[in-house]
Amino acid sequence: MNILFTICGRSGSKGLKNKNLKKLNGIPLVYYTLSAIKLYQEAHPEDDVTVAVNTDSRELLEMIRVQKAIFNIREVERKEELAGDRTAKVEVVKDTYFECRKQMIFDAVVDLDLTSPMRKLGDIEAAVKALKEDKECDLVFSVVPARRSPYFNMVEKQKQYYRKICPSHYTARQEAPAVYELNASIYAYAPEFLEKKIDKTILEYNCGIVEMKDYLVLDIDSEEDFVLMSVLIGYFGQKDKELRRVIALAKEL
């Protein structure tokens with residue numbers, strides 16, 4: 001397979017300033033993502049892997065450029081019209097794909113969020129496999145089991161009072177349908193999907209999921225999130241063999 005891995009990161013950040021440039025436990029945050037891609041390359045030598053970086057951050061590019069001896073890296077400049085706060089990330093991934101498609105045809109496009117450092121090889125493999133095996137699937141994304149259920153213990157304001165988001169007669173959470181939270185770590189897209197007009201949110205198309213560990217739901221949007229992620233990766237990096245591989249390789253980059 002020809003696989004395009006995309007890493008999309010803007011300069012600056014509204015929640016946590018310059019979070020894409022930060023070091024997590026002494027390692028540049030983006031190196032955890034590059035480490036996971038490297039582990040995929042080593043495990044699947046039959047696949048042709050391209051890494052594309054879409055950014056308007058010169059500092060982030062410099063961090064990644066020094067790894068060109070290890071990775072086949074394409075640089076895609078972030079277009080001004082795609083750098084806004086309300087721009088859907090899939091539009092950035094599409095733009096990256098179209099730029100890279102000029103030189104190669106791809107079988108899958110896998111976007112890895114660089115603020116998700118606890119992603120492991122098996123998580124990526126599961127997403128690629130799920131996309132490959134279902135020809136009707138537009139995209140596969142990573143999720144974790146939801147801690148709350150809209151059928152049972154999540155509410156929203158309806159006029160003056162608050163009620164369940166999804167009306168139901170369930171009396172126990174275990175009775176309600178299984179629901180999941182997107183953890184914004186992995187999105188594997190079918191190229192055919194990216195080539196068509198996407199005029200709805202991606203969740204309204206044919207989506208598949210791969211389930212990740214519950215603690216991987218954390219989004220880094222504040223200094224407190226960053227501190228908590230540092231603690232989590234320090235702890236689980238000792239407990240989890242596969243995560244330890246990601247960390248060890250990230251240190252070597």
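Reply: Note that this is a predicted model.

Me: Is proline 191 buried or exposed?

Reply: Relative accessibility answers this. The cut-off for buried is under 20%, and proline 191 has 4%, so proline 191 counts as buried.

Me: Which residues does proline 191 touch, leaving out those up to four places away in sequence?

Reply: Proline 191 touches Tyr97, Phe106, Asp107 and Ala108. A C-alpha separation can be read as well: proline 191 and isoleucine 105 are 86 residues apart along the chain, and their C-alpha atoms are separated by 9.0 Å.

Me: Helix α5 also holds phenylalanine 193. How do I read aromatic pairs, and how many are there?

Reply: Rings pair if their centres lie within 6.5 Å, and planes over 60 degrees apart count as edge-to-face. The count by this rule is eight aromatic pairs. One of them joins tyrosine 151 and tyrosine 170, with 6.0 Å centre to centre and 80° between the planes, which is edge-to-face. This pair links distant parts of the chain, 19 residues apart: tyrosine 151 is in the loop between β7 and β8, and tyrosine 170 is in the loop between β9 and β10.

Me: What is the relative accessible area of tyrosine 151, and what is the relative accessibility of tyrosine 170?

Reply: Tyrosine 151 has 26% and is therefore partly exposed. Tyrosine 170, at 29%, also counts as partly exposed.

Me: And what is the geometry of the pair formed by phenylalanine 193 and tyrosine 205?

Reply: Phenylalanine 193 and tyrosine 205 are edge-to-face, at 5.0 Å centre to centre with 70° between the planes. This pair, too, links distant parts of the chain: phenylalanine 193 lies in helix α5 (residues 191-194) and tyrosine 205 in the loop between α5 and β11, 12 residues apart. Phenylalanine 193 and tyrosine 205 are both buried. Ring pairs also link Phe141, Tyr187, Tyr189, Phe193 and Tyr205 into a cluster.

Me: Which lysine lies over the face of tyrosine 205?

Reply: Lysine 200 does, at 4.7 Å from the ring centre. Another case is lysine 22, which lies over the face of phenylalanine 226 at 5.3 Å from the ring centre.

Me: How do I read two packed helices?

Reply: Two packed helices are described by the angle between their axes and the distance between the axes. Here the axes of helix α1 (residues 29-43) and helix α4 (residues 121-133) come within 9 Å and cross at roughly 65°. Angles of 65 to 115 degrees count as roughly perpendicular, so α1 is roughly perpendicular to α4. The crossing of α1 and α4 is right-handed. On the α1 side the contact is made by Ala36, Leu39, Tyr40 and Ala43, and on the α4 side by Leu121, Ile124, Glu125 and Val128.

Me: Last, backbone angles. What is phi of asparagine 25, and where is this residue?

Reply: Phi of asparagine 25 is near 55°, a positive value in a residue other than glycine. Asparagine 25 sits in the loop between β2 and β3. With a relative accessible area of 40%, asparagine 25 is partly exposed.

Me: What about phi of alanine 184?

Reply: Alanine 184 has phi near 55°, also a positive value in a residue other than glycine. Alanine 184 is found in strand β10, and its relative accessible area is 25%, so alanine 184 is partly exposed.

Terms used:
Residues are numbered from 1 along each chain as its sequence is written. This is a predicted model: local features need pLDDT of at least 70, side-chain atom pairs count only at pLDDT 80 or more; totals for chains, interfaces and linings use all residues. Side-chain values use heavy atoms; hydrogens and water are left out. Rings of Phe, Tyr and Trp (its six-membered ring) pair if their centres lie within 6.5 Å; planes under 30 degrees apart count as stacked, over 60 as edge-to-face and the rest as tilted. Helices (H or I, at least four residues) and strands (E, at least two) are DSSP runs, numbered from the N terminus. Buried means under 20% relative accessible area, exposed over 50%, partly exposed in between (1.4 Å probe, protein chains only). A charge sits over a ring if NZ of Lys or CZ of Arg is within 6 Å of the ring centre and within 35 degrees of the ring normal. Axes are lines fitted to C-alpha atoms, for helices over the stretch in contact, and angles run from 0 to 180 degrees between N-to-C directions. Angles under 35 degrees count as roughly parallel, over 145 as roughly antiparallel, 65 to 115 as roughly perpendicular and the rest as oblique. A crossing is left-handed if the near helix is turned anticlockwise from the far one by less than a right angle, and right-handed if clockwise. Contact means heavy atoms within 4.5 Å.
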